[in-house]
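Work through the exercises below with the sequence and the structure side by side, and try each task before reading its solution.

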Amino acid sequence: MTGTARAHRAEPLPEPVRAQLIGAGSATVANMLLRRGLRNVIMAGVRPLAAGQQPLVGTAYTLRFIPAREDLDTLANYASSENLHRRAMEECPPGAVLVIDAFGSTAAASMGDMMAARLKHRGVSGVVTDGGYRDSAAIRETGLPCYQRDNAPKATPIALHPVALDEPVGCGGVAVYPGDVVLGDGDGVVVIPQGLAAEVAAEAADAAAYEEFAALEIQRGRSLFGLFPATPKSRQEYDTWVAAGRPGRE
């Protein structure tokens, strides 16, 4: 029993959008989504595997697990070329983010270092799971940005059975649809509906730039009131600061 898969439907993420999202960060992007009424966009309990790892951003390609069952999840079945877990490592598109729905389980590994190395070689942007990984130190050495709930050293078939590729999943309590844009950094992982990605990226980049101005003003002793959140007057001051070449910026 291997489950189902469908063709990946997402367009590649334009480089300007990618750069804007990384520059703005997950927390600022989540605020832009909140302005649009989207509250549940940050994955709960999902953290970077390695401190200081590179941010990840890309369109979501998904893998869904359910609890394992002994008659199906044997080592022989796991070794099959039709096993969806193994297929995900070969079918996740370059530039995409592999999102693994492990239903919050760290009873077995969502991925190990050989899989991470293969994804890195194929140009996948990174991996996110609400479960965990085995061989964590070796995964860090690959340089592939990865996010997890906690380490999970046991072999995958002990507790996890793959049932679907590239279908809607839940990860860290957030709905993820194939093609959604996933952004991960030191603050966490945010999921952006595909149709909103470009406008949210532009708005988040603008908000991040304003926050740079506000931070400089606060360092000079200015009060938050009338500065943050922005007011029409402080936005005018910000525009003047930008026109002047952003003085005080290192």
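A nonpolar core is a set of buried Ala, Val, Leu, Ile, Met, Phe, Trp, Tyr and Cys residues joined through side-chain atoms within 4.5 Å, where buried means under 20% relative accessible area. The model examined here is predicted.

**Exercise 1.** Find how many residues the largest nonpolar core has, and which of them have the most contacts inside it.

*Solution.* The largest nonpolar core has 26 residues, and those with the most contacts inside it are Leu-98, Met-111, Leu-119, Val-127 and Cys-146. Next, ask which elements supply it: strand S2 (56-67), helix H4 (84-91), strand S3 (97-101), helix H5 (113-122) and strand S6 (160-165) each give at least two residues to this core. Apart from it lies another core, of 20 residues, among them Leu-21, Val-41, Leu-183 and Ala-197.

**Exercise 2.** Decide whether the residues on the two faces of strand S4 (residues 126-129) are buried or exposed.

*Solution.* Begin with the general rule that in a regular strand the side chains alternate between the two faces of the sheet. In S4, Gly-126 and Val-128 lie on one side, Val-127 and Thr-129 lie on the other, and all four are buried, which leaves both faces covered.

**Exercise 3.** Work out which strands pair with S4, and in what sense.

*Solution.* S3 pairs with S4 in the parallel sense over four bridges, with Val-99 having Val-128 as its bridge partner. Strand S5 (residues 146-148) also runs parallel to S4, joined by two bridges, and here Val-127 is partnered by Cys-146.

Methods:
Residues are numbered from 1 along each chain as its sequence is written. This is a predicted model: local features need pLDDT of at least 70, side-chain atom pairs count only at pLDDT 80 or more; totals for chains, interfaces and linings use all residues. Side-chain values use heavy atoms; hydrogens and water are left out. Buried means under 20% relative accessible area, exposed over 50%, partly exposed in between (1.4 Å probe, protein chains only). Two strands pair if DSSP finds at least two bridges between them.
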